[in-house]
Amino acid sequence: MNKPLDSHDQDAPIFAPDAFRLTDAQAELIAKARRFGKAKLAPRAALHDREATFPIENFRDMHPEGLLKICIPKEDGGLGADFQTYCLTAAELGRYCGATALSWNMHVCSTLWSGPLSDDLDMTPEDRKAHIARRRVHYKRIIDDGAIYAQPFSEGGAAAAGAVAFGTEAKPVDGGLVINGKKIFASLSGSADYYGVLCTERAEGEAASRRNTLYLGVPANAPGVSVVGEWDPLGMRGTVSRTLIFKDVFVPEDAMLMPHGVYFQAASKWPHMFMTLTPTYMGLAQAAYDFTVSYLRGELPGMPPVKRRMYPTKQIAVAEMRIMLEQTKALWFQAVTEARANPTKEQVLRAYAAQHTVMENANAIAVKAIRTCGGQSMLKSLPLERIYRDSRCGALMLPWTSEICVDRIGRESLYEPGEKDE
Ligand SMILES: Cc1cc2nc3c(=O)[nH]c(=O)nc-3n(C[C@H](O)[C@H](O)[C@H](O)COP(=O)(O)OP(=O)(O)OC[C@H]3O[C@@H](n4cnc5c(N)ncnc54)[C@H](O)[C@@H]3O)c2cc1C
(Lines give C-alpha, C1' and ligand atoms only; values in the text may rest on other atoms or scores of the structure.)
Protein backbone atom coordinates (compact mmCIF):
# COMPACT_ATOMS: atom_id res chain seq x y z
CA MET A 1 0.00 0.00 0.00
CA ASN A 2 1.30 3.49 -0.84
CA LYS A 3 1.95 5.83 2.06
CA PRO A 4 -0.36 8.84 2.38
CA LEU A 5 1.26 11.81 0.68
CA ASP A 6 1.40 13.85 3.84
CA SER A 7 3.71 11.55 5.83
CA HIS A 8 7.48 11.22 5.60
CA ASP A 9 8.39 8.12 3.60
CA GLN A 10 11.18 6.39 5.53
CA ASP A 11 11.59 3.90 2.68
CA ALA A 12 11.96 6.30 -0.26
CA PRO A 13 15.10 5.55 -2.34
CA ILE A 14 18.27 7.15 -0.98
CA PHE A 15 19.25 7.90 -4.57
CA ALA A 16 16.06 8.50 -6.54
CA PRO A 17 16.51 6.83 -9.96
CA ASP A 18 15.42 9.85 -12.00
CA ALA A 19 17.38 12.42 -9.99
CA PHE A 20 20.57 10.36 -10.05
CA ARG A 21 20.02 8.99 -13.59
CA LEU A 22 20.07 5.33 -12.59
CA THR A 23 19.43 2.60 -15.13
CA ASP A 24 16.22 0.54 -14.97
CA ALA A 25 18.22 -2.45 -13.73
CA GLN A 26 19.70 -0.34 -10.90
CA ALA A 27 16.29 1.07 -10.00
CA GLU A 28 14.91 -2.47 -9.80
CA LEU A 29 17.76 -3.71 -7.62
CA ILE A 30 17.56 -0.86 -5.14
CA ALA A 31 13.78 -1.30 -4.93
CA LYS A 32 14.33 -5.00 -4.20
CA ALA A 33 16.88 -4.12 -1.51
CA ARG A 34 14.42 -1.76 0.18
CA ARG A 35 11.60 -4.29 0.09
CA PHE A 36 13.91 -6.98 1.42
CA GLY A 37 15.44 -4.74 4.08
CA LYS A 38 12.08 -3.61 5.38
CA ALA A 39 10.51 -7.07 5.37
CA LYS A 40 13.43 -9.21 6.55
CA LEU A 41 16.30 -7.19 8.03
CA ALA A 42 14.56 -4.51 10.08
CA PRO A 43 12.36 -6.85 12.18
CA ARG A 44 15.35 -9.04 13.13
CA ALA A 45 17.97 -6.36 13.73
CA ALA A 46 17.28 -5.52 17.39
CA LEU A 47 17.51 -9.09 18.66
CA HIS A 48 20.79 -9.85 16.89
CA ASP A 49 22.20 -6.56 18.14
CA ARG A 50 21.16 -7.27 21.71
CA GLU A 51 22.46 -10.84 21.72
CA ALA A 52 25.47 -10.20 19.43
CA THR A 53 24.40 -13.11 17.22
CA PHE A 54 24.89 -13.45 13.49
CA PRO A 55 21.70 -12.96 11.42
CA ILE A 56 22.21 -16.12 9.37
CA GLU A 57 18.53 -16.23 8.38
CA ASN A 58 19.01 -12.93 6.51
CA PHE A 59 21.68 -14.58 4.36
CA ARG A 60 19.53 -17.68 3.80
CA ASP A 61 16.73 -15.36 2.61
CA MET A 62 19.15 -13.48 0.32
CA HIS A 63 19.87 -16.64 -1.67
CA PRO A 64 16.50 -16.97 -3.47
CA GLU A 65 16.43 -13.18 -3.99
CA GLY A 66 19.71 -13.43 -5.94
CA LEU A 67 21.45 -11.03 -3.55
CA LEU A 68 24.32 -13.42 -2.76
CA LYS A 69 25.27 -13.46 -6.45
CA ILE A 70 24.80 -9.75 -7.14
CA CYS A 71 28.37 -9.16 -8.41
CA ILE A 72 28.93 -12.55 -10.04
CA PRO A 73 29.29 -11.91 -13.79
CA LYS A 74 26.18 -12.68 -15.85
CA GLU A 75 28.04 -15.23 -17.98
CA ASP A 76 28.71 -17.17 -14.77
CA GLY A 77 25.05 -17.06 -13.69
CA GLY A 78 25.11 -13.96 -11.48
CA LEU A 79 23.35 -10.60 -11.65
CA GLY A 80 26.45 -8.90 -13.07
CA ALA A 81 26.23 -5.77 -10.90
CA ASP A 82 29.12 -3.33 -11.27
CA PHE A 83 30.80 -1.42 -8.43
CA GLN A 84 28.37 1.50 -8.44
CA THR A 85 25.29 -0.75 -8.60
CA TYR A 86 26.57 -2.84 -5.71
CA CYS A 87 27.23 0.28 -3.62
CA LEU A 88 23.76 1.72 -4.23
CA THR A 89 22.12 -1.59 -3.31
CA ALA A 90 24.23 -2.05 -0.18
CA ALA A 91 23.37 1.46 1.03
CA GLU A 92 19.67 0.55 0.89
CA LEU A 93 20.26 -2.56 3.01
CA GLY A 94 22.40 -0.59 5.47
CA ARG A 95 19.52 1.63 6.53
CA TYR A 96 17.58 -1.41 7.84
CA CYS A 97 20.41 -3.39 9.49
CA GLY A 98 23.97 -2.10 9.49
CA ALA A 99 25.46 -5.38 10.70
CA THR A 100 23.86 -7.37 7.87
CA ALA A 101 24.92 -4.86 5.23
CA LEU A 102 28.49 -4.81 6.53
CA SER A 103 28.73 -8.62 6.63
CA TRP A 104 27.09 -8.85 3.20
CA ASN A 105 29.84 -6.54 1.96
CA MET A 106 32.46 -9.05 3.08
CA HIS A 107 30.68 -11.78 1.12
CA VAL A 108 30.09 -9.68 -1.99
CA CYS A 109 33.74 -8.54 -2.12
CA SER A 110 34.81 -12.14 -2.70
CA THR A 111 32.86 -11.97 -5.98
CA LEU A 112 33.41 -8.30 -6.87
CA TRP A 113 37.18 -8.51 -6.46
CA SER A 114 37.52 -11.86 -8.24
CA GLY A 115 34.93 -10.82 -10.87
CA PRO A 116 34.50 -7.38 -12.49
CA LEU A 117 37.51 -5.90 -10.70
CA SER A 118 39.91 -8.68 -11.73
CA ASP A 119 38.63 -8.41 -15.29
CA ASP A 120 40.17 -4.90 -15.39
CA LEU A 121 43.61 -6.08 -14.28
CA ASP A 122 46.60 -7.39 -16.23
CA MET A 123 47.05 -11.17 -16.46
CA THR A 124 48.70 -13.43 -18.97
CA PRO A 125 46.15 -15.24 -21.19
CA GLU A 126 46.98 -18.51 -19.35
CA ASP A 127 46.49 -16.91 -15.92
CA ARG A 128 43.20 -15.38 -16.99
CA LYS A 129 41.92 -18.69 -18.34
CA ALA A 130 42.87 -20.49 -15.14
CA HIS A 131 41.38 -17.68 -13.00
CA ILE A 132 38.05 -17.78 -14.83
CA ALA A 133 37.87 -21.55 -14.39
CA ARG A 134 38.74 -21.34 -10.67
CA ARG A 135 36.34 -18.54 -9.82
CA ARG A 136 33.49 -20.46 -11.46
CA VAL A 137 33.94 -23.10 -8.77
CA HIS A 138 33.48 -20.45 -6.05
CA TYR A 139 30.55 -18.88 -7.87
CA LYS A 140 28.79 -22.21 -8.33
CA ARG A 141 28.85 -22.80 -4.57
CA ILE A 142 27.23 -19.41 -4.02
CA ILE A 143 24.65 -19.75 -6.80
CA ASP A 144 23.68 -23.39 -6.21
CA ASP A 145 24.15 -23.83 -2.47
CA GLY A 146 23.90 -20.29 -1.08
CA ALA A 147 27.48 -20.51 0.23
CA ILE A 148 28.61 -17.45 2.21
CA TYR A 149 32.14 -16.03 2.07
CA ALA A 150 33.81 -13.90 4.75
CA GLN A 151 36.73 -11.55 4.18
CA PRO A 152 39.21 -11.65 7.07
CA PHE A 153 42.31 -9.56 6.46
CA SER A 154 42.86 -7.62 9.72
CA GLU A 155 45.63 -8.97 11.93
CA GLY A 156 46.16 -6.39 14.65
CA GLY A 157 49.48 -5.23 13.15
CA ALA A 158 50.34 -2.86 10.30
CA ALA A 159 49.38 -5.26 7.47
CA ALA A 160 45.68 -4.40 7.13
CA ALA A 161 46.64 -0.74 6.58
CA GLY A 162 48.78 -1.93 3.67
CA ALA A 163 52.07 -0.96 5.38
CA VAL A 164 53.70 -4.42 5.59
CA ALA A 165 53.13 -7.96 4.30
CA PHE A 166 50.39 -10.01 6.00
CA GLY A 167 51.68 -12.12 8.88
CA THR A 168 49.35 -14.94 7.91
CA GLU A 169 51.43 -17.01 5.52
CA ALA A 170 50.77 -19.61 2.83
CA LYS A 171 53.63 -21.96 2.14
CA PRO A 172 53.66 -23.67 -1.27
CA VAL A 173 53.58 -27.49 -0.98
CA ASP A 174 52.80 -30.30 -3.42
CA GLY A 175 49.33 -29.64 -4.91
CA GLY A 176 48.57 -26.52 -2.90
CA LEU A 177 49.41 -24.29 0.05
CA VAL A 178 49.62 -24.62 3.82
CA ILE A 179 48.31 -21.63 5.79
CA ASN A 180 49.36 -20.52 9.27
CA GLY A 181 48.31 -17.34 11.05
CA LYS A 182 45.65 -15.34 12.86
CA LYS A 183 42.98 -12.89 11.72
CA ILE A 184 41.13 -10.53 14.08
CA PHE A 185 37.70 -8.95 13.59
CA ALA A 186 36.60 -11.64 11.13
CA SER A 187 32.95 -10.74 10.48
CA LEU A 188 30.77 -13.83 9.85
CA SER A 189 33.21 -15.96 11.90
CA GLY A 190 31.55 -19.25 12.72
CA SER A 191 28.77 -18.63 10.17
CA ALA A 192 30.59 -18.28 6.83
CA ASP A 193 31.15 -21.38 4.70
CA TYR A 194 34.43 -19.99 3.30
CA TYR A 195 36.94 -17.44 4.56
CA GLY A 196 38.45 -15.24 1.83
CA VAL A 197 41.82 -14.93 3.53
CA LEU A 198 44.55 -12.49 2.53
CA CYS A 199 47.96 -13.95 3.27
CA THR A 200 51.57 -13.79 2.16
CA GLU A 201 52.77 -16.58 -0.10
CA ARG A 202 56.25 -17.42 1.13
CA ALA A 203 58.47 -20.35 0.24
CA GLU A 204 61.16 -21.60 2.66
CA GLY A 205 63.94 -18.99 2.96
CA GLU A 206 62.08 -16.33 0.92
CA ALA A 207 61.55 -12.80 2.35
CA ALA A 208 57.95 -11.74 3.04
CA SER A 209 56.69 -9.27 0.43
CA ARG A 210 53.37 -7.48 -0.10
CA ARG A 211 53.74 -8.30 -3.80
CA ASN A 212 53.17 -11.95 -2.89
CA THR A 213 49.81 -11.40 -1.22
CA LEU A 214 47.43 -14.25 -2.01
CA TYR A 215 43.65 -14.17 -1.71
CA LEU A 216 42.43 -17.67 -0.83
CA GLY A 217 38.95 -19.11 -0.30
CA VAL A 218 39.45 -21.41 2.68
CA PRO A 219 36.61 -23.80 3.67
CA ALA A 220 35.43 -23.05 7.20
CA ASN A 221 35.49 -26.77 7.98
CA ALA A 222 39.06 -27.36 6.77
CA PRO A 223 41.16 -29.10 9.44
CA GLY A 224 43.15 -26.49 11.39
CA VAL A 225 40.61 -23.62 11.09
CA SER A 226 39.20 -22.44 14.42
CA VAL A 227 37.22 -19.47 15.75
CA VAL A 228 38.25 -18.17 19.17
CA GLY A 229 37.58 -15.28 21.55
CA GLU A 230 34.59 -13.20 22.57
CA TRP A 231 32.48 -10.73 20.62
CA ASP A 232 30.91 -8.07 22.81
CA PRO A 233 31.55 -4.72 21.07
CA LEU A 234 29.94 -1.27 21.17
CA GLY A 235 28.28 -1.52 17.75
CA MET A 236 27.85 -3.72 14.68
CA ARG A 237 27.23 -6.51 17.16
CA GLY A 238 25.45 -8.72 14.62
CA THR A 239 28.62 -9.05 12.51
CA VAL A 240 30.10 -11.46 15.11
CA SER A 241 33.67 -10.57 14.16
CA ARG A 242 35.68 -13.00 16.29
CA THR A 243 39.28 -14.19 15.87
CA LEU A 244 40.24 -16.86 13.33
CA ILE A 245 43.21 -19.19 13.75
CA PHE A 246 44.79 -21.10 10.87
CA LYS A 247 47.06 -23.92 12.00
CA ASP A 248 48.66 -25.89 9.16
CA VAL A 249 45.54 -25.55 7.01
CA PHE A 250 46.00 -27.18 3.61
CA VAL A 251 44.17 -25.79 0.58
CA PRO A 252 44.57 -26.86 -3.06
CA GLU A 253 45.70 -24.30 -5.69
CA ASP A 254 42.03 -24.00 -6.73
CA ALA A 255 41.37 -22.03 -3.55
CA MET A 256 42.95 -18.93 -5.13
CA LEU A 257 40.35 -16.19 -5.59
CA MET A 258 42.89 -14.16 -7.57
CA PRO A 259 46.02 -15.36 -9.41
CA HIS A 260 49.51 -14.78 -7.96
CA GLY A 261 50.38 -11.07 -7.77
CA VAL A 262 46.92 -9.82 -8.76
CA TYR A 263 45.77 -8.68 -5.30
CA PHE A 264 48.83 -6.42 -5.06
CA GLN A 265 48.03 -5.04 -8.50
CA ALA A 266 44.38 -4.51 -7.52
CA ALA A 267 45.30 -2.58 -4.36
CA SER A 268 47.36 -0.09 -6.36
CA LYS A 269 45.42 0.05 -9.65
CA TRP A 270 41.85 -0.25 -8.35
CA PRO A 271 42.00 1.71 -5.06
CA HIS A 272 38.22 2.23 -4.85
CA MET A 273 38.05 -1.47 -3.91
CA PHE A 274 38.61 -0.26 -0.33
CA MET A 275 35.52 1.98 -0.43
CA THR A 276 33.16 -1.00 -0.27
CA LEU A 277 32.65 -0.57 3.48
CA THR A 278 31.07 2.87 2.99
CA PRO A 279 27.64 1.94 1.56
CA THR A 280 26.54 0.50 4.90
CA TYR A 281 27.28 3.83 6.57
CA MET A 282 25.63 5.82 3.78
CA GLY A 283 22.51 3.81 4.62
CA LEU A 284 22.89 4.45 8.35
CA ALA A 285 23.22 8.21 7.76
CA GLN A 286 19.97 8.18 5.77
CA ALA A 287 18.25 6.07 8.43
CA ALA A 288 19.22 8.49 11.23
CA TYR A 289 17.87 11.42 9.23
CA ASP A 290 14.62 9.64 8.30
CA PHE A 291 14.07 8.58 11.89
CA THR A 292 14.43 12.18 13.06
CA VAL A 293 11.97 13.60 10.54
CA SER A 294 9.36 10.91 11.28
CA TYR A 295 9.89 11.29 15.04
CA LEU A 296 9.51 15.07 15.04
CA ARG A 297 6.41 14.79 12.85
CA GLY A 298 4.91 12.36 15.37
CA GLU A 299 4.69 9.57 12.79
CA LEU A 300 7.05 6.96 14.14
CA PRO A 301 5.34 3.54 14.31
CA GLY A 302 4.88 2.39 17.89
CA MET A 303 5.18 5.91 19.33
CA PRO A 304 2.35 8.22 20.41
CA PRO A 305 1.58 10.77 17.65
CA VAL A 306 3.18 13.68 19.51
CA LYS A 307 4.53 16.37 17.20
CA ARG A 308 7.75 18.18 18.11
CA ARG A 309 8.46 19.86 14.79
CA MET A 310 7.20 23.32 15.76
CA TYR A 311 10.26 24.26 17.83
CA PRO A 312 12.77 26.42 15.90
CA THR A 313 15.71 24.53 17.43
CA LYS A 314 14.36 21.25 15.99
CA GLN A 315 13.93 22.85 12.58
CA ILE A 316 17.50 24.17 12.64
CA ALA A 317 18.84 20.77 13.70
CA VAL A 318 16.96 19.01 10.90
CA ALA A 319 18.23 21.59 8.41
CA GLU A 320 21.81 20.98 9.54
CA MET A 321 21.31 17.20 9.30
CA ARG A 322 19.81 17.53 5.83
CA ILE A 323 22.71 19.69 4.63
CA MET A 324 25.21 17.17 5.96
CA LEU A 325 23.28 14.28 4.40
CA GLU A 326 23.07 15.97 0.99
CA GLN A 327 26.80 16.80 1.07
CA THR A 328 27.59 13.20 1.99
CA LYS A 329 25.34 11.75 -0.70
CA ALA A 330 26.68 14.00 -3.45
CA LEU A 331 30.35 13.32 -2.75
CA TRP A 332 29.83 9.60 -2.18
CA PHE A 333 27.75 9.17 -5.34
CA GLN A 334 30.41 10.94 -7.39
CA ALA A 335 33.20 8.80 -5.90
CA VAL A 336 31.44 5.44 -6.39
CA THR A 337 30.45 6.49 -9.92
CA GLU A 338 34.04 7.15 -10.98
CA ALA A 339 35.50 3.95 -9.45
CA ARG A 340 37.61 2.25 -12.12
CA ALA A 341 41.02 0.83 -12.90
CA ASN A 342 43.83 3.40 -13.02
CA PRO A 343 41.87 6.37 -11.65
CA THR A 344 43.38 9.85 -11.81
CA LYS A 345 44.99 11.44 -8.75
CA GLU A 346 41.92 13.69 -8.42
CA GLN A 347 39.62 10.67 -8.37
CA VAL A 348 41.69 8.93 -5.71
CA LEU A 349 41.78 12.03 -3.51
CA ARG A 350 38.02 12.32 -3.95
CA ALA A 351 37.60 8.67 -2.94
CA TYR A 352 39.53 9.29 0.31
CA ALA A 353 37.45 12.42 0.93
CA ALA A 354 34.23 10.50 0.30
CA GLN A 355 35.27 7.65 2.59
CA HIS A 356 36.15 10.10 5.37
CA THR A 357 32.95 12.08 4.85
CA VAL A 358 30.60 9.09 4.95
CA MET A 359 32.25 7.46 7.95
CA GLU A 360 32.41 10.67 10.00
CA ASN A 361 29.07 12.14 8.91
CA ALA A 362 27.04 8.98 9.50
CA ASN A 363 27.99 9.17 13.15
CA ALA A 364 27.67 12.97 13.35
CA ILE A 365 24.12 12.77 11.93
CA ALA A 366 23.22 9.97 14.37
CA VAL A 367 24.63 12.00 17.30
CA LYS A 368 22.55 14.99 16.28
CA ALA A 369 19.49 12.80 15.80
CA ILE A 370 19.65 11.60 19.39
CA ARG A 371 20.17 15.10 20.78
CA THR A 372 17.34 16.49 18.66
CA CYS A 373 14.77 13.76 19.25
CA GLY A 374 15.53 13.59 22.95
CA GLY A 375 15.46 11.01 25.71
CA GLN A 376 12.88 8.57 24.38
CA SER A 377 14.82 8.22 21.12
CA MET A 378 17.69 6.43 22.87
CA LEU A 379 15.50 3.64 24.19
CA LYS A 380 16.42 0.24 22.83
CA SER A 381 12.85 -0.27 21.67
CA LEU A 382 13.65 2.17 18.83
CA PRO A 383 16.36 1.69 16.17
CA LEU A 384 18.13 5.06 16.59
CA GLU A 385 20.42 4.10 19.46
CA ARG A 386 21.60 1.05 17.47
CA ILE A 387 22.21 3.25 14.42
CA TYR A 388 24.19 5.59 16.70
CA ARG A 389 26.41 2.77 18.00
CA ASP A 390 26.80 1.06 14.61
CA SER A 391 27.72 4.34 12.91
CA ARG A 392 30.58 4.85 15.38
CA CYS A 393 32.46 1.86 13.89
CA GLY A 394 32.83 3.18 10.32
CA ALA A 395 35.78 5.50 10.91
CA LEU A 396 37.81 2.62 12.38
CA MET A 397 37.69 0.36 9.35
CA LEU A 398 41.07 -0.40 7.82
CA PRO A 399 42.64 0.08 5.36
CA TRP A 400 40.94 3.48 4.92
CA THR A 401 40.26 4.67 8.47
CA SER A 402 39.32 8.35 8.79
CA GLU A 403 42.80 9.11 10.10
CA ILE A 404 44.54 7.34 7.22
CA CYS A 405 42.32 9.19 4.71
CA VAL A 406 43.33 12.52 6.28
CA ASP A 407 47.02 11.53 6.24
CA ARG A 408 46.87 10.62 2.58
CA ILE A 409 44.80 13.58 1.41
CA GLY A 410 47.24 15.97 3.08
CA ARG A 411 50.39 14.25 1.87
CA GLU A 412 49.23 13.48 -1.66
CA SER A 413 47.82 16.99 -2.16
CA LEU A 414 51.17 18.54 -1.23
CA TYR A 415 53.63 16.06 -2.73
CA GLU A 416 53.78 14.46 -6.15
CA PRO A 417 55.10 10.86 -6.18
CA GLY A 418 58.83 10.84 -5.42
CA GLU A 419 58.99 14.48 -4.24
CA LYS A 420 61.03 15.16 -1.08
CA ASP A 421 62.01 18.23 0.97
CA GLU A 422 65.68 19.09 1.39
C1 LIG B 1 32.31 -4.17 13.41
C2 LIG B 1 33.61 -4.45 12.76
C3 LIG B 1 33.68 -5.43 11.79
C4 LIG B 1 34.89 -5.71 11.17
N5 LIG B 1 34.95 -6.70 10.22
C6 LIG B 1 36.13 -6.99 9.64
C7 LIG B 1 36.24 -8.07 8.69
O8 LIG B 1 35.26 -8.74 8.34
N9 LIG B 1 37.45 -8.33 8.15
C10 LIG B 1 38.53 -7.61 8.50
O11 LIG B 1 39.60 -7.89 7.98
N12 LIG B 1 38.49 -6.61 9.40
C13 LIG B 1 37.31 -6.29 9.97
N14 LIG B 1 37.25 -5.27 10.91
C15 LIG B 1 38.51 -4.67 11.36
C16 LIG B 1 38.80 -3.27 10.88
O17 LIG B 1 38.86 -3.17 9.48
C18 LIG B 1 40.13 -2.85 11.47
O19 LIG B 1 41.13 -3.73 11.05
C20 LIG B 1 40.14 -2.85 12.95
O21 LIG B 1 39.08 -2.05 13.43
C22 LIG B 1 41.49 -2.25 13.36
O23 LIG B 1 41.59 -2.23 14.72
P24 LIG B 1 43.00 -2.03 15.42
O25 LIG B 1 42.70 -1.47 16.74
O26 LIG B 1 43.81 -3.27 15.36
O27 LIG B 1 43.70 -0.96 14.50
P28 LIG B 1 45.17 -0.47 14.46
O29 LIG B 1 45.89 -1.08 13.28
O30 LIG B 1 45.81 -0.61 15.80
O31 LIG B 1 44.95 1.04 14.17
C32 LIG B 1 44.46 1.95 15.13
C33 LIG B 1 44.29 3.27 14.44
O34 LIG B 1 45.61 3.77 14.10
C35 LIG B 1 45.60 4.35 12.83
N36 LIG B 1 46.56 3.69 11.93
C37 LIG B 1 46.77 2.36 11.76
N38 LIG B 1 47.71 2.14 10.81
C39 LIG B 1 48.10 3.35 10.37
C40 LIG B 1 49.02 3.80 9.39
N41 LIG B 1 49.76 2.93 8.67
N42 LIG B 1 49.14 5.14 9.19
C43 LIG B 1 48.42 6.03 9.92
N44 LIG B 1 47.51 5.65 10.86
C45 LIG B 1 47.35 4.35 11.07
C46 LIG B 1 44.21 4.17 12.24
O47 LIG B 1 43.49 5.36 12.28
C48 LIG B 1 43.53 3.16 13.13
O49 LIG B 1 42.15 3.43 13.32
C50 LIG B 1 36.05 -4.97 11.52
C51 LIG B 1 35.98 -3.97 12.51
C52 LIG B 1 34.78 -3.69 13.12
C53 LIG B 1 34.74 -2.61 14.16
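This note goes through a predicted model point by point, from the whole chain down to single residues.

1. Ground rules. Residue numbers start from 1 along each chain as its sequence is written. The model is predicted, so local features need pLDDT of at least 70 and side-chain atom pairs count only at pLDDT 80 or more, while totals for chains, interfaces and linings use all residues.

2. Overall form. The C-alpha trace of the protein spans about 70 × 55 × 40 Å along its principal axes. A compact globule of 422 residues would have a radius of gyration near 22 Å, and the protein agrees because its value is 22 Å. That radius is taken over C-alpha atoms, and the globule rule is 2.2 Å times the number of residues to the power 0.38.

3. Elements and packing. The protein has 11 helices and seven strands. Of the 422 residues, 46% count as buried. Buried means that 20 or more other C-beta atoms lie within 10 Å of the residue's own; 12 or fewer makes it exposed, anything in between partly exposed, and C-beta atoms are placed from the backbone. Among contacts between residues at least 6 apart in sequence, 76% join residues at least 24 apart. A contact requires C-beta atoms, placed from the backbone, within 7 Å.

4. Domains. The assignment gives domain 1 (24–147), domain 2 (169–260) and domain 3 (270–414); such bounds come from an automatic or database domain assignment. Taken over C-alpha atoms, the centres of domain 2 and domain 3 are 32 Å apart. An unreviewed UniProt entry lists residues 164–249 as "domain: Acyl-CoA oxidase/dehydrogenase middle". UniProt positions are given in the numbering used here, feature names are shortened, and annotations may be inferred rather than shown by experiment. The span 164–249 is 0% helix and 50% strand, and its end C-alpha atoms lie 23 Å apart.

5. Ligand shell. There are 24 residues around the ligand, of which S154, F185, S187, M236 and E403 come nearest. A residue is near a molecule if its C-beta atom, placed from the backbone, lies within 6 Å of it. The shell divides into 15 nonpolar, seven polar and two charged residues. Here Ala, Val, Leu, Ile, Met, Phe, Trp, Tyr, Cys and Pro count as nonpolar, Asp, Glu, Lys and Arg as charged, and the others, Gly among them, as polar. Domain 2 and domain 3 each provide at least three shell residues. Strand β3 (176–186) and helix α11 (402–414) each supply at least two, and α11 gives the most, with three.

6. A residue in α9. A351 sits in helix α9 (residues 345–373). A351 is buried because 26 other C-beta atoms lie within 10 Å. Leaving out residues up to four places away in sequence, A351 touches P271, H272, M275 and A335. M275 is 76 residues from A351 in sequence, but 7.4 Å from it in space, C-alpha to C-alpha.

7. Backbone points to check. Most residues other than glycine have a negative phi, and most peptide bonds are trans. A52, in the loop between α1 (24–51) and α2 (56–65), has a positive phi near 50 degrees. A52 counts as partly exposed because it has 17 C-beta neighbours inside 10 Å. L188 lies in the loop between β3 and β4 (194–201) and has a positive phi of about 75 degrees. L188 is buried, with 27 other C-beta atoms within 10 Å. A cis peptide bond joins L398 and P399, with omega about 5 degrees; P399 is in the loop between α10 (384–392) and α11.

Key. Helices (H or I, at least four residues) and strands (E, at least two) are DSSP runs, numbered from the N terminus. Two residues are in contact if their C-beta atoms, placed from the backbone, lie within 7 Å.
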